[in-house]
Amino acid sequence: MIGTIERDLRRTFPNHYLFRDVSKSENASSSDFVSHEHVSDEKSGDSLGELGGRLSRTRKSNMEEGSGKKALRRILRAYSVYDSEVGYCQGMNFIAAMFLTFLPEEESFWMLVVIMNEDPYKLRDLFSQEMTGSHEVLYIADNLIAQFLPTLYEHLENEQVHISMFVTQWLMTIYTSTFPFEFVAAVWDSFICDGWLVVYRVMLALLEHVQQELLQRNVEQILSFLRGYPALVNGERIMIASSKIPLKRQHVQAYATEFRTLIESGEIQVEEILQSRFARPESLDGYSMSSSRATLPNINKVYRFVAKLKRSTREITFEDLSVKLIPVVGKSKFAVLLSNVLSPEECAGLIKRAKGEKFEDILMRRPGAGANEISEIASRRRTTMEDLDLASELFDRLVCALQGTELGLKLQHAPWVCKGDPDALNATGLNDRLHVLRYGVGQFFSPHSRFMRGLEVSHITMQVYLNNNFTGGTTSFRGGQKFLDVKPKTGSVLLFDQCLRREECEVLAGRKFIIRSDVMYEKAAFG
């Protein structure tokens, strides 16, 4: 262990004033140190970033050149004794060294203890012998890239580039090992406050920023590009971009729960993972720990197990209904019908699942109707499924189907809501309270429009048609005496502006099943 620590000391920020070799520093410029000052965030108060900015500017006069290496050695050895079960693992050196640029030696040690062992950080799980935490982090990252950057994810798959080939050293050290120090400080300033959500948002922002570059390259070119990418990063731009990514804690938690369930159920085995060289990389320098394609089957078995089951290869087509609505409502309104979103088997499975739930009668009276007046606008039965995974999967398919189109931009931003700023809103996904509606003979839903309010606001309604073996039951958009009918097809999805008045016409024979939810939006965050 001591030999490993000594080897890694030489690799830790070799150009930084505190850690560079004194014998080679005579010709070094003082700007080497200045370039590593941390950027403070004026909005974050007395944050780690501000503290780092103050301390690092005084370090040069208060500490001997190269003395950081001795302090780092003592911290790493002390931690290996403090937590003998974990000991020392490569990557811890960068994290501890970063603390030394902010804090005195003893405080840096205790900061390392906190970051390793306490929520919401728990880096200890990344460095344990089993490294289950590392596999969980990579599993989450893999699914998030598939969800938020599906085109890039598909390209990486086609080129047999697994994300562990490049994000391992990003995530295991929270970007400290290869990225510019100013950028690292900004990430950690947010990480200290918000935990892992920041790490994943930054990862997505980094990849989104170079997505077009990567889509034009093959496997060797991709890895070569990513090897040099950290040095080119504009930290301020990436941090701003990361704040605009609609990733929520519930997304991260859902994938973490999914991974743990798979481990506990025995569907994936940690022992199988450990057979792979990805399990405990021998080096975080370069890509030697992940360059062999021979290990990909093991990694795919772990990180893509659920993704492969969920991802649909169906050809989804769509029809823009906005032009057809002009004669009905007098102007163009967002409405699109997507076909083949769900397979007949998936629809049958959802109907079977819903039938296992308790349906309640839903009767809605027209506004102003008295208690004894029979003036209903809706007659149907409903059950509610709270399912974040299903909501996420449905939304992913809709986004992928409309990607690169004007309809896709409208789905993402609902630009008609804030006409002066069409990018003011960002879609965060579907409301995970999915209402399964069952219409029997004689049941209906009269013309009605609906809104939701709160921290997140819905502006688009989604209806999934689970069957079409019934008579009647069309969805009809109304405008005075004019109307536009949409005939349900199994597996199709209707998205429409909630301002539109719609009617679910009476079912004349059979039973109609639909899932209804809302696309949720929040105000975009800027800088």
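**A note on helix packing in this model**

1. Helix 4 crosses helix 6 in a right-handed way. The residues that meet here are Ala 71, Arg 74, Ile 75, Ala 78, Tyr 79 and Tyr 82 from helix 4, and Glu 105, Ser 108, Phe 109, Trp 110, Leu 112, Val 113, Met 116 and Asn 117 from helix 6. Sorted by class, this contact holds 10 nonpolar, 2 polar and 2 charged residues. Please keep in mind as you look around that this is a predicted model.

2. Now for the geometry of that pair. Two packed helices are described by the angle between their axes and the distance between the axes. For helix 4 (residues 67-82) and helix 6, the axes cross at roughly 45° and come within 10 Å. Helix 4 is therefore oblique to helix 6, because an angle counts as roughly parallel under 35 degrees and as roughly perpendicular from 65 to 115.

3. Helix 6 (residues 105-117) also packs against helix 5 (residues 92-100), at an angle of about 135° and with the axes 9 Å apart. That angle makes helix 5 oblique to helix 6. The crossing of helix 5 past helix 6 is right-handed.

4. Which residues of helix 5 meet helix 6? They are Met 92, Ile 95, Ala 96, Phe 99 and Leu 100, and across from them in helix 6 are Glu 105, Ser 108, Met 111, Leu 112, Ile 115 and Met 116. By class, the contact between helix 5 and helix 6 has 9 nonpolar residues, 1 polar and 1 charged.

5. As a reminder, an α-helix has 3.6 residues a turn, so residues three or four places apart point the same way.

6. Finally, the wider picture. The protein has 23 helices and 15 strands. Of its 527 residues, 54% are buried. Taking contacts between residues at least 6 apart in sequence, 77% join residues at least 24 apart.

Definitions and conventions:
Residues are numbered from 1 along each chain as its sequence is written. This is a predicted model: local features need pLDDT of at least 70, side-chain atom pairs count only at pLDDT 80 or more; totals for chains, interfaces and linings use all residues. Side-chain values use heavy atoms; hydrogens and water are left out. Axes are lines fitted to C-alpha atoms, for helices over the stretch in contact, and angles run from 0 to 180 degrees between N-to-C directions. Helices (H or I, at least four residues) and strands (E, at least two) are DSSP runs, numbered from the N terminus. Angles under 35 degrees count as roughly parallel, over 145 as roughly antiparallel, 65 to 115 as roughly perpendicular and the rest as oblique. A crossing is left-handed if the near helix is turned anticlockwise from the far one by less than a right angle, and right-handed if clockwise. Contact means heavy atoms within 4.5 Å. Ala, Val, Leu, Ile, Met, Phe, Trp, Tyr, Cys and Pro count as nonpolar, Asp, Glu, Lys and Arg as charged, and the others, Gly among them, as polar. Buried means under 20% relative accessible area, exposed over 50%, partly exposed in between (1.4 Å probe, protein chains only).
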